[in-house]
Amino acid sequence: MNYKIALIPGDGIGPEVVQEAVQVLETIGEKYGHSFTFERVLMGGCAIDAVGKSYPDGTAEKCKACDAVLLGAVGGPKWGHATEPEKRPETALLSIRSDLGLYANLRPAALRPALADACPLKPEVVPNGIDLMMVRELTGGIYFGKRERYQTEDRGEEAADRMAYSEQEIERIGRRAFELARLRRGKVSSVDKANVLETSRLWRSVMHRLAQEYSDVTYEDVLVDNAAMQLVKDPGQFDVVVTENMFGDILSDEASMITGSIGLLPSASIGDTAPGLYEPIHGSAPDIAGKDLANPIATILSVAMMLRYSFQLPNEATAIEQAVDAVLAEGWRTADIAETGVTPIGTKEMGRRIREKLV
Ligand code: NAD
């Protein structure tokens, strides 16, 4: 089987970590008899330098002609001051998500066994580790509602942001969460603020309808303030956590932090049709770019998610995850996760050691 992948290396450490992930895919291809072809796509700051806009014409079409998209990271201080949207790297991120219809953002937060010490929580809080999947609605809610700023007569300036959700938007993300739970430990925690917000009350009623349909999945409602607390009090209780855009933005960062390092966490953004977009959760890390210091694991694990969710190749995905765990278990660390006294290895060596575990 041949799979075509759009590669968006982007800026900063993006090209370095994408390069390692591509080599992992090639090794998987050799071992399991798949062929991967790659189409390089220019996006982000490098595209501003090359053609004057962060999201060049035809970017979405190039990606749609592929089976999946792998993104490194975009942005950096060089392009941080522009005010025109087309000269801002993050415009490209919002555009590609919207053009590809990527409404579900999947962010696993797992404590890798060899890195249990990196978890900032006390060991007794995480006796069985952490293995949860945040499912965040990505294209609706307050980030996409009408924004207003106006002068009042007696209270100075006032601003308002509209938060709206339709039944259809809630149902499609809800279904994703229940389907994922069936592939995992069979539990969905739906996070809302139904004691205050009308959008949350609609969210909850749709989720309850789905919970009846997916009666084999355990379901619970969690208020967002309680969810923030439970994530640090007892994160092991969660399997799939589904929530709207803004709550998900905040809680997924909290969930990432309790697992230790930003350089380890992958993500997937998917819609109803191909291609899904896979990327590490970290940014372009301009402070370490070009120095062979970046941790490629988050991008390599993003490729594992691509194999599992876009190509339905769970064995190949698991092989990559086990290779990562095996290298970490042997004590190899990049600088971001190295304990005191451990000599760190570079990006390329980490990639090579992971590939060696695959063959
Ligand atoms: P960042 O994630 O790039 O870096 C934060 C810190 O973590 C830095 O100290 C960095 O060196 C370190 N770090 C990040 N990834 C690492 C890795 N793989 N290995 C080792 N260390 C790593 O976040 P930031 O500094 O806030 O943002 C830098 C740029 O990235 C900004 O321009 C921002 O807009 C952009 N950004 C892009 C994306 C994306 O493309 N999806 C996401 C977040 C930030």
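D192 is buried, at 0% relative accessibility. This residue is found in strand β8. A polar atom of its side chain lies 3.0 Å from the backbone nitrogen of A194. The model is predicted.

- K193 forms a salt bridge with D225. The closest N and O atoms of the two are 3.2 Å apart.
- K193 has 18% relative accessibility; the cut-off for buried is under 20%, so K193 counts as buried.
- D225 has a relative accessible area of 44% and is partly exposed, because that value falls between the 20% and 50% limits.

**Other salt bridges**

- The count of salt bridges comes to 30.
- Side chains of opposite charge can pair when their charged atoms come close.
- E339 forms a salt bridge with R333, and the closest N and O atoms are 3.3 Å apart.
- R333 is buried, with a relative accessible area of 5%. E339 is partly exposed, at 35%.
- E349 forms a salt bridge with R353. Here the closest N and O atoms are 2.9 Å apart.
- Both E349 and R353 lie in helix α11 (residues 347-358). They are four residues apart, about one turn of the helix.
- E349 counts as partly exposed, at 24% relative accessibility.
- A network of salt bridges links E167, E171, R175, R209 and E213.

**Strand β3 and its partners**

- Strand β3 spans residues 68-73. Six of its six residues are buried, so the strand is largely enclosed by the rest of the structure.
- Strand β1 (residues 2-10) and β3 run parallel, joined by five bridges. The bridge partner of I5 in β3 is A68.
- β3 also pairs with strand β12 (residues 276-280). The sense is parallel, over three bridges.
- L70 has Y278 as its bridge partner in β12.

**Ligand site**

- Which residues come nearest to the ligand? Of the 19 residues around the ligand, they are V74, G283, A285, D287 and N295.
- The shell residues divide into nine nonpolar, seven polar and three charged.
- V74 places a backbone N or O atom 2.8 Å from an oxygen atom of the ligand.
- S284 also places a backbone N or O atom by a ligand oxygen atom, at 3.0 Å.
- A polar backbone atom of N295 is 2.9 Å from a nitrogen atom of the ligand.
- How much of the ligand's accessible area does the protein cover? The ligand has 810 Å² on its own, and the protein covers 65% of that.

Notes. Residues are numbered from 1 along each chain as its sequence is written. This is a predicted model: local features need pLDDT of at least 70, side-chain atom pairs count only at pLDDT 80 or more; totals for chains, interfaces and linings use all residues. Side-chain values use heavy atoms; hydrogens and water are left out. A residue is near a molecule or strand if one of its heavy atoms lies within 4 Å of it. A polar contact is a pair of N or O atoms within 3.5 Å; within protein, one must be able to donate a hydrogen and the other to accept it, and residues adjacent in sequence count only if both atoms are side-chain atoms. Accessible areas come from the Shrake-Rupley method with a 1.4 Å probe; for residues, only the protein chains shown count as cover. Ala, Val, Leu, Ile, Met, Phe, Trp, Tyr, Cys and Pro count as nonpolar, Asp, Glu, Lys and Arg as charged, and the others, Gly among them, as polar. A salt bridge is a side-chain nitrogen of Lys or Arg within 4 Å of a carboxyl oxygen of Asp or Glu. Buried means under 20% relative accessible area, exposed over 50%, partly exposed in between (1.4 Å probe, protein chains only). Helices (H or I, at least four residues) and strands (E, at least two) are DSSP runs, numbered from the N terminus. Two strands pair if DSSP finds at least two bridges between them.
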